[in-house]
Number of protein chains: 4
Amino acid sequence: MSMSGSSFGRIFRVSTFGESHGVAIGLIVDGCPAGIPLSEEDIQKDLDRRRPGQSDVTTPRKESDTVQILSGVFEGTTTGAPIGMMIPNTSQRSKDYSDIKDLYRPGHADFTFQEKYGIRDYRGGGRSSGRETACRVAAGAIAKKILEHHGTSILSYTTQVGDIRGQHFDASVIETNPVRAADPEAVDAMVDLLTQCRDDGDSIGGVVETRVTGLPVGLGEPVFDKCDAVISHAVMSIATLKGIEFGEGFAAATMRGSEHNDPFAIENGDVKIENNKAGGILGGISTGADIVFRVAVKPPSSISKSQKTVTKDKKATDVEVHGRHDPCICPRVVPVVEAMTALALVDLLFLQANSQLK
Amino acid sequence: MSMSGSSFGRIFRVSTFGESHGVAIGLIVDGCPAGIPLSEEDIQKDLDRRRPGQSDVTTPRKESDTVQILSGVFEGTTTGAPIGMMIPNTSQRSKDYSDIKDLYRPGHADFTFQEKYGIRDYRGGGRSSGRETACRVAAGAIAKKILEHHGTSILSYTTQVGDIRGQHFDASVIETNPVRAADPEAVDAMVDLLTQCRDDGDSIGGVVETRVTGLPVGLGEPVFDKCDAVISHAVMSIATLKGIEFGEGFAAATMRGSEHNDPFAIENGDVKIENNKAGGILGGISTGADIVFRVAVKPPSSISKSQKTVTKDKKATDVEVHGRHDPCICPRVVPVVEAMTALALVDLLFLQANSQLK
Amino acid sequence: MSMSGSSFGRIFRVSTFGESHGVAIGLIVDGCPAGIPLSEEDIQKDLDRRRPGQSDVTTPRKESDTVQILSGVFEGTTTGAPIGMMIPNTSQRSKDYSDIKDLYRPGHADFTFQEKYGIRDYRGGGRSSGRETACRVAAGAIAKKILEHHGTSILSYTTQVGDIRGQHFDASVIETNPVRAADPEAVDAMVDLLTQCRDDGDSIGGVVETRVTGLPVGLGEPVFDKCDAVISHAVMSIATLKGIEFGEGFAAATMRGSEHNDPFAIENGDVKIENNKAGGILGGISTGADIVFRVAVKPPSSISKSQKTVTKDKKATDVEVHGRHDPCICPRVVPVVEAMTALALVDLLFLQANSQLK
Amino acid sequence: MSMSGSSFGRIFRVSTFGESHGVAIGLIVDGCPAGIPLSEEDIQKDLDRRRPGQSDVTTPRKESDTVQILSGVFEGTTTGAPIGMMIPNTSQRSKDYSDIKDLYRPGHADFTFQEKYGIRDYRGGGRSSGRETACRVAAGAIAKKILEHHGTSILSYTTQVGDIRGQHFDASVIETNPVRAADPEAVDAMVDLLTQCRDDGDSIGGVVETRVTGLPVGLGEPVFDKCDAVISHAVMSIATLKGIEFGEGFAAATMRGSEHNDPFAIENGDVKIENNKAGGILGGISTGADIVFRVAVKPPSSISKSQKTVTKDKKATDVEVHGRHDPCICPRVVPVVEAMTALALVDLLFLQANSQLK
């Protein structure tokens with residue numbers, strides 16, 4: 001689906017720019033239909049969910065993510081013209097990073113960017129910084145609006161932190177706890193674990209789950225732009241993710257066909273998928289049942305514990321990455337996964353418009 | 001990376017066509033550099049690995065996959081012109097499928113194709129049939145050649161069948177056992193399990209692992225065409241796969257940053273990644289260390305046990321899918337995963353050519 | 001619009017392969033909606049128009065262009081799956097070209113292909129041969145069907161040969177004369193001129209005009225995929241064309257705004273464009289009025305008169321290109337221009353489906 | 001080559017946004033190699049050439065085009081990350097346009113935008129305004145830098161205004177006269193004609209010619225992304241252009257093959273194209289000889305003479321488009337044609353990197 005390193009989407013396309021310490025980050029949404037009510041408030045709402053500094057268990061770094069719409073909207077409605085948006089960078093503190101400009105932080109992209117480009121913007125990770133995810137969320141806010149217009153909702157939440165797994169699902173608690181967990185009974189243990197890790201100068205991984213409800217049947221373009229393939233591309237492009245699984249996922253490896261196949265039934269005169277172990281997708285095309293998938297989130301690489309590394313000049317050294325970092329990135333990944341899922345699905349929705357002769 | 005439902009790749013692009021019961025399947029490889037020695041034998045070798053009917057534990061169906069190169073090669077060398085290839089369909093037995101033309105087989109794409117297109121080629125799954133994977137393997141054979149020219153090898157193998165997990169790795173046994181397992185000590189148990197399932201009229205899932213060695217550092221195009229995002233798109237477009245994970249994958253969710261981060265060291269004057277829990281990719285760009293990833297393979301949906309389903313006319317019914325089907329699809333998925341990985345990586349290799357001013 | 005050297009189209013996409021002396025030429029049409037009646041006859045009709053050997057003033061070379069549909073059609077209707085087609089090469093006579101394998105024919109692509117690829121298939125021009133246009137015509141036949149379903153017709157014809165310009169327009173004569181001229185009064189002079197050139201061992205240029213009627217208003221994607229920009233890309237990719245102009249074209253350079261602007265009026269309660277000097281496009285978007293454009297066709301480069309040239313080894317020499325060549329390529333370009341126009345417009349038609357919120 | 005309505009380029013890709021009366025216009029350049037020195041001054045230089053208000057014969061409207069680079073440059077050098085740029089809109093005077101908000105100006109895109117999108121930003125043409133060309137020029141400045149690094153120069157100039165044709169070529173005078181003509185002897189007559197038209201409340205068309213010197217041989221991707229096809233797409237997407245012709249262009253229609261074919265010769269041990277009537281391209285691939293092409297520029301549609309038109313409510317009416325408009329748009333089109341040519345060629349240059357096995 002992607003069209004270039006910094007563009008995603010064939011019809012509804014977002015292109016982004018910006019690194020953590022440049023003047024600003026921003027994006028262009030092209031291919032958005034005309035006639036959609038749109039304001040900065042619509043975008044800001046989702047950006048505010050993504051911001052750091054929202055609780056004791058996320059980084060206290062303040063980043064203002066005040067978005068400005070620069071084009072493509074007239075008298076409160078999209079015109080069909082590309083929508084340019086910009087978010088100034090205001091939380092830049094270059095001296096936070098000057099001590100690491102000549103070495104490679106383990107788990108970070110410092111080494112690979114240097115090798116690939118021959119030059120590295122060492123301030124805060126440059127283009128590899130998580131800052132660029134604000135642009136994904138901004139574009140995703142528009143995509144979500146369109147999907148909601150078609151009755152589709154996307155909901156992501158933390159389902160696992162370390163070895164603590166949520167068992168129950170209650171959507172109403174997701175935005176009320178700092179982990180964005182959906183199981184109220186698991187929250188305390190998760191917070192305790194995060195706090196412990198942070199106090200240790202360490203970090204911890206987790207799992208974020210996503211449910212898409214009300215998606216029309218028929219989305220996905222075989223054989224290469226299948227619904228799960230496109231979602232995988234979109235979501236796995238988010239930094240820190242180490243895996244994605246749909247429906248039963250890796251558990252399906254141990255199942256028999258007689259267990260895993262979803263029976264069909266008739267309900268209210270319509271075809272209904274029972275069990276939905278497939279996770280909403282058959283043959284790469286949405287079935288109308290909920291799409292369910294999970295992503296594996298690695299422990300954030302920035303920890304203050306001493307780590308063994310090397311300098312640009314190829315000398316062995318040690319590094320302690322001080323600063324204001326998240327012990328677990330799951331709560332901040334949640335809105336980004338929603339946004340990327342929305343971008344994938346809205347593009348597939350638009351492609352579906354031409355599947356049958358009209 | 002994909003450009004349409006039936007095309008994959010931005011520079012090195014493959015477009016495929018063909019369904020299980022049409023006249024032929026085929027493909028076009030565009031963007032292949034001139035100067036590469038190429039013959040039908042190069043392609044046939046990989047196609048023969050993919051064919052069914054190779055052992056007692058795979059389907060006895062005979063499919064000839066004799067490929068013919070139609071263009072793009074002159075006096076044994078690629079010319080830079082698009083390479084057209086065709087594989088005739090010769091194993092078509094329409095009467096095998098006529099009893100299922102009016103109902104939806106559980107786990108198959110019958111329902112979704114009918115909904116998406118308003119019409120379904122019910123013979124053998126039509127475009128959703130696994131037959132199209134022969135075209136991926138054909139294109140992948142060329143991609144592999146180019147990668148090997150650059151010192152890169154791709155090796156996939158079955159690492160799990162049901163709950164039987166391979167513990168050891170011996171590349172030399174992969175092509176000598178019907179499961180394509182890499183652990184000689186696990187083969188017998190795996191074969192027994194497959195045989196049991198087949199005798200039960202059932203099927204079983206598994207996991208296929210892939211190792212890419214000798215990949216140059218620097219492949220991947222942040223932020224959307226990252227190395228792992230593009231591989232995920234390519235590989236997750238293969239039917240029957242329910243998940244993909246890189247390096248530690250979902251195990252990283254329970255790890256601490258101090259455990260998961262790979263230290264850097266100097267070896268022979270070069271930067272070396274220790275441990276490689278990251279699985280060869282940092283910041284979405286290849287590090288030069290082995291890329292390691294696993295895919296979850298669902299149990300094949302075609303089983304002869306009776307299953308509950310519905311007809312096109314929305315009436316409840318039962319179905320037993322008789323025929324000649326695989327009890328586990330892992331050994332046949334292995335060459336397809338290698339091919340898709342090769343297609344993803346060769347395209348990223350070509351994109352890397354322009355990363356620095358020359 | 002194009003996605004690669006051998007692909008054209010973003011949604012309705014054709015990929016082609018094949019050179020003059022390979023085994024076959026062929027194509028894949030991806031993104032064709034399901035539900036369209038399609039048979040080989042539909043395609044063959046247009047291919048037969050393109051074939052050489054149809055008159056005394058075109059080359060007597062016999063090329064069979066018998067197309068075979070290999071996929072994507074079931075029980076006479078498109079399924080939405082990619083449509084693969086193949087046309088075998090049967091008129092190959094390698095010895096026709098062996099004397100030119102070591103030199104560069106003036107006006108041909110021998111030199112540039114050698115430089116670009118480091119290797120050249122010297123038989124008949126290889127991929128640069130006009131043979132590949134058969135694939136464009138095959139894909140265009142499907143595109144035309146879809147457009148006709150929407151009330152759109154595309155008609156091309158020769159409007160000038162050398163300095164003989166057609167003055168009148170009568171669509172009914174186009175297929176009845178060997179020049180495919182639309183002015184019955186100019187045909188004889190045009191044929192005489194062609195005959196004279198052929199007897200001189202020379203060739204002559206011309207102009208082909210195209211009219212698109214009944215195109216819906218609103219096709220074109222500002223600012224880069226404007227209707228005229230996309231048509232220009234599609235059509236100017238046809239070999240032998242040296243220019244394209246819309247509406248008044250280069251004559252507009254000498255006109256005043258008060259002359260060139262088309263007034264708007266109301267007719268039958270609808271907005272109507274008067275005069276239509278703009279040629280059916282305003283701001284890059286179709287107006288609903290006829291699109292009119294012309295292309296400049298160079299004199300074919302293959303002439304038997306002696307020409308000065310060089311060998312691959314960089315030695316001066318002379319060449320007489322003997323063989324069976326067209327003295328003017330306009331009549332054979334006509335169906336190719338129609339096909340490329342259809343491919344451009346059907347893709348824009350599909351993109352228009354998502355311009356307004358639904 | 002284009003990837004969406006607002007993106008152009010497959011590897012070196014520009015995406016733009018912005019309309020005449022929004023907050024700002026801007027762009028993202030993706031795929032720019034790392035290691036290129038770049039500053040606002042590099043971009044501003046070309047933007048200043050494009051600005052209106054530079055002479056008596058162009059509009060006196062003041063538009064500040066002060067560009068700001070927001071990302072992708074570190075310590076004065078490109079990093080390989082996308083380069084975001086913004087140009088604020090400061091010359092907005094909405095009351096200039098309020099009298100035309102309910103009618104369709106002849107020759108403008110008011111009608112087509114209303115039909116396509118169902119909504120029209122009537123202020124100054126919205127996205128159809130020439131203001132967006134500033135973004136093309138900004139991106140083109142970077143593309144030109146890269147091409148110059150490879151020895152390639154692009155030069156455009158006015159070669160015709162109305163029926164006054166330049167006969168001589170002197171590059172040194174182009175930037176010294178308000179028409180950007182290259183023939184010092186034609187300037188006075190051209191200026192007189194422009195002045196006359198402006199005094200009449202009318203406008204006049206013209207022709208802009210472009211010469212590309214020092215282009216490497218081998219650029220162009222047969223069969224659809226040929227050098228001339230891609231240039232045609234890029235350049236014909238500029239508003240006001242009604243045609244493009246390469247080399248002899250439409251004059252080739254009257255020529256014989258023996259006249260039009262360029263002989264090959266050897267000069268200094270290298271293959272040389274004589275005459276170059278082909279205009280630098282053979283078989284769609286650059287030959288190394290100068291690329292020469294011309295575009296037809298229509299007379300600007302905004303004239304103060306009374307014109308017949310209709311309102312949105314489909315009532316007949318008249319309009320006089322008052323304001324500060326150019327009598328001839330050629331001098332302002334010149335830098336835009338250079339920019340689009342540069343964008344087309346730099347993308348083809350990058351694609352050429354992978355034509356032969358390395």
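The legends below describe close-up views of a predicted model. Because the model is predicted, local features are described only at pLDDT of at least 70 and side-chain atom pairs only at pLDDT 80 or more, whereas totals for chains, interfaces and linings use all residues. Residues are numbered from 1 along each chain as its sequence is written, chains are lettered from A in the order in which they are written, and side-chain values use heavy atoms, with hydrogens and water left out.

View 1. D46(C) and K144(C) form a salt bridge in which the closest N and O atoms are 3.7 Å apart, a salt bridge being a side-chain nitrogen of Lys or Arg within 4 Å of a carboxyl oxygen of Asp or Glu. D46(C) belongs to helix 1 (residues 40-50) of chain C and K144(C) to helix 3 (residues 133-149) of chain C, so the pair ties together parts that are 98 residues apart in sequence. Helices (H or I, at least four residues) and strands (E, at least two) are DSSP runs, numbered from the N terminus. D46(C) is buried at 11% relative accessibility, and K144(C) is buried at 12%, where buried means under 20% relative accessible area, exposed over 50% and partly exposed in between (1.4 Å probe, protein chains only). Over all chains, the salt bridge count comes to 94.

View 2. The side chain of R49(C) meets that of E175(C) in a salt bridge with an N to O distance of 2.8 Å. R49(C) is in helix 1 of chain C, while E175(C) is in the loop between strand 9 (164-165) and helix 4 (187-199) of chain C, so this pair ties together parts that are 126 residues apart in sequence. R49(C) is buried, with a relative accessible area of 17%, whereas E175(C) is partly exposed at 45%. In chain A, salt bridges that share partners join D46(A), R49(A), K144(A), E175(A), R180(A) and E338(A) into one network. A further salt bridge in chain C links D48(C) to R51(C), at 3.8 Å from N to O; D48(C) is partly exposed at 32% relative accessibility, and R51(C) is partly exposed at 27%.

**View 3. The interface of chain A and chain B.** The contact (heavy atoms within 4.5 Å) takes 112 residues from chain A and 112 residues from chain B. Between them the two chains bury about 8,500 Å², 60% of it on carbon and sulfur atoms; buried area is the accessible area (1.4 Å probe) that two parts lose on being put together, summed over both. Eight salt bridges are found across this interface, and D270(B) and K314(A) meet in a salt bridge at 3.5 Å from N to O.

**View 4. An open sheet with strands from chain A and chain B.** Ten strands form an open sheet in the order 10(A)-9(A)-11(A)-17(A)-12(A)-12(B)-17(B)-11(B)-9(B)-10(B), with antiparallel pairing, two strands being paired if DSSP finds at least two bridges between them. The edge strands are strand 10 (164-165) of chain A and strand 10 (164-165) of chain B, each of which pairs on one side only. Strand 12 (residues 241-246) of chain A and strand 12 (residues 241-246) of chain B run antiparallel and are joined by three bridges, and G243(A) stands opposite E245(B) in strand 12 of chain B.
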